[in-house]
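Here are my notes after going through this one, as numbered points. Have the viewer open while you read.

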Amino acid sequence: MYTLARQLLFKLSPETSHDLSLDLIGAGGRLGLNGLLCKAPAKMPVTVMGLDFPNPVGLAAGLDKNGAAIDGFAQLGFGFVEIGTITPRPQPGNPKPRIFRLPEAEAIINRMGFNNLGVDHLLARVAAAQYKGVLGINIGKNFDTPVERAVDDYLICLDKVYVHASYVTVNVSSPNTPGLRSLQFGDSLKQLLADLATRRAELALRHGKHVPLAIKIAPDMTDEETAQVAQALIETGMDAVIATNTTLSRVGVEGMEHGDEAGGLSGAPVRDKSTHTVKMLAAELAGRLPIIAVGGITEGKHAAEKIAAGASLVQLYSGFIYKGPALIRESVDAIAALR
Ligand SMILES: Cc1cc2nc3c(=O)[nH]c(=O)nc-3n(C[C@H](O)[C@H](O)[C@H](O)COP(=O)(O)O)c2cc1C
């Protein structure tokens, strides 16, 4: 059925088809219909970051930036749903077109630039959702907040989402907000993580609830830089790392239509880079922090590869666009087969 839907959706521009799909998934969710669209994944309970997941396959950030279709995505069988990236204030993002399909490479290039309706709107959507499962809220900074003041934006978002999130993801790896990725390195990273840890300790005391913090990183670091990130995460008491965001590399899409568009590349071409980052992190972290793997999962076996590389959970984005909800069940089955 998804093959037919995809044929129709792919006739529209990527952003129109994205908006329409979100509307349909949201409407299906409100009517409780989405569970009928696909066979539910097998139960495969796991506990990670102290949270209980019905299965280890989640929705990656960026598909539901404003929390418009939380119930709809959950009903498709995802074991957890991550919404955002959200910023303190609403912002329009980059001019359109800003998302491009590269079907022959099962890839997407996007330069959305954190288009979103702001954290208050997102919280209203969370309040309206029926979903009681694991909800990640991914936070970022407004494009016009200077990068030296980025921490202010992360703290505003953290304060607001804290009690509503199962875990909070700190996105320092989008390539579409100038300067953002510089926060992944050296003293900038250590300072940001230390400030987040301090605020989290205050919030935990105030609300009597420890909400895990996950840091989402890029696949474009050297092994040494990845190792430094891992050490900083351990030192500052972070709870998880999400690897990875999109890549700036264009390996695998050279010469293709849209292959040289600016932005982040996702889907099949980022798979090996992401898995390599997971392996590097796993070696450095040695089990002290769990890894959530995302990047290029377009078949169940790729999800299993991520777990074999050291991840505890996986997330889908581009593969879900190309393969539809069946990829969730396929991924759960392939991970279960590892056991
Ligand atoms: C159109 C689009 C928008 C995205 N927006 C976000 C975002 O807002 N925040 C974020 O952390 N990641 C975002 N991502 C990155 C994905 O969550 C994921 O990390 C990346 O695409 C690699 O996974 P994939 O190969 O399965 O797509 C976006 C990806 C795409 C394709």
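1. A word on handedness before the helices come up: a crossing is right-handed if the near helix is turned clockwise from the far one by less than a right angle, and left-handed if anticlockwise. Keep in mind, too, that this is a predicted model. With that convention, helix 6 passes helix 7 in a right-handed crossing.

2. Now the geometry of that pair. Helix 7 covers residues 223–235, and helix 6 packs against helix 7 at an angle of about 25°, the axes being 10 Å apart. Angles under 35 degrees count as roughly parallel, so helix 6 and helix 7 are roughly parallel to each other.

3. Which residues of helix 6 and helix 7 meet? From helix 6 you have L189, K190 and L193, and across from them V229, A232, L233 and E235 in helix 7. Sorted by class, the contact of helix 6 with helix 7 has five nonpolar and two charged residues, with no polar ones.

4. Helix 6 (residues 186–207) also pairs up with helix 5 (residues 150–161): their axes come within 10 Å and cross at roughly 25°. That makes helix 5 roughly parallel to helix 6. The crossing of helix 5 and helix 6 is right-handed.

5. For the contact itself, helix 5 brings in V151, Y154, L155, L158 and D159, while helix 6 supplies L192, D195, L196, R199, R200 and L203.

6. Select R271, S274, T275 and V278 on helix 8, plus H302, E305 and K306 on helix 9, to see the contact. What is the make-up of the contact of helix 8 with helix 9 by class? Here the count is one nonpolar, three polar and three charged residues.

7. On to the ligand. There are 22 residues around the ligand, and A61, T85, G267, G296 and S318 come nearest. As for where T85 sits, the residue belongs to strand 4 (residues 80–86).

8. Some polar pairs to check in the ligand site. A polar side-chain atom of K216 is 2.9 Å from an oxygen atom of the ligand. For N171, an N or O atom in the side chain lies 3.2 Å from a ligand oxygen atom. T244 uses its backbone instead, with an N or O atom there 2.9 Å from an oxygen atom of the ligand.

9. T244 has a cis bond as well: A243 and T244 are joined by a cis peptide bond, with omega about 15°. You'll find T244 in the loop between strand 10 (240–243) and strand 11 (264–267).

10. Last, a backbone angle to inspect. F114 has phi near 55°, a positive value in a residue other than glycine. Where is F114 found? Look in the loop between strand 6 (107–110) and helix 4 (119–128).

Note on methods
Residues are numbered from 1 along each chain as its sequence is written. This is a predicted model: local features need pLDDT of at least 70, side-chain atom pairs count only at pLDDT 80 or more; totals for chains, interfaces and linings use all residues. Side-chain values use heavy atoms; hydrogens and water are left out. Axes are lines fitted to C-alpha atoms, for helices over the stretch in contact, and angles run from 0 to 180 degrees between N-to-C directions. Helices (H or I, at least four residues) and strands (E, at least two) are DSSP runs, numbered from the N terminus. Angles under 35 degrees count as roughly parallel, over 145 as roughly antiparallel, 65 to 115 as roughly perpendicular and the rest as oblique. Contact means heavy atoms within 4.5 Å. A residue is near a molecule or strand if one of its heavy atoms lies within 4 Å of it. A polar contact is a pair of N or O atoms within 3.5 Å; within protein, one must be able to donate a hydrogen and the other to accept it, and residues adjacent in sequence count only if both atoms are side-chain atoms. Ala, Val, Leu, Ile, Met, Phe, Trp, Tyr, Cys and Pro count as nonpolar, Asp, Glu, Lys and Arg as charged, and the others, Gly among them, as polar.
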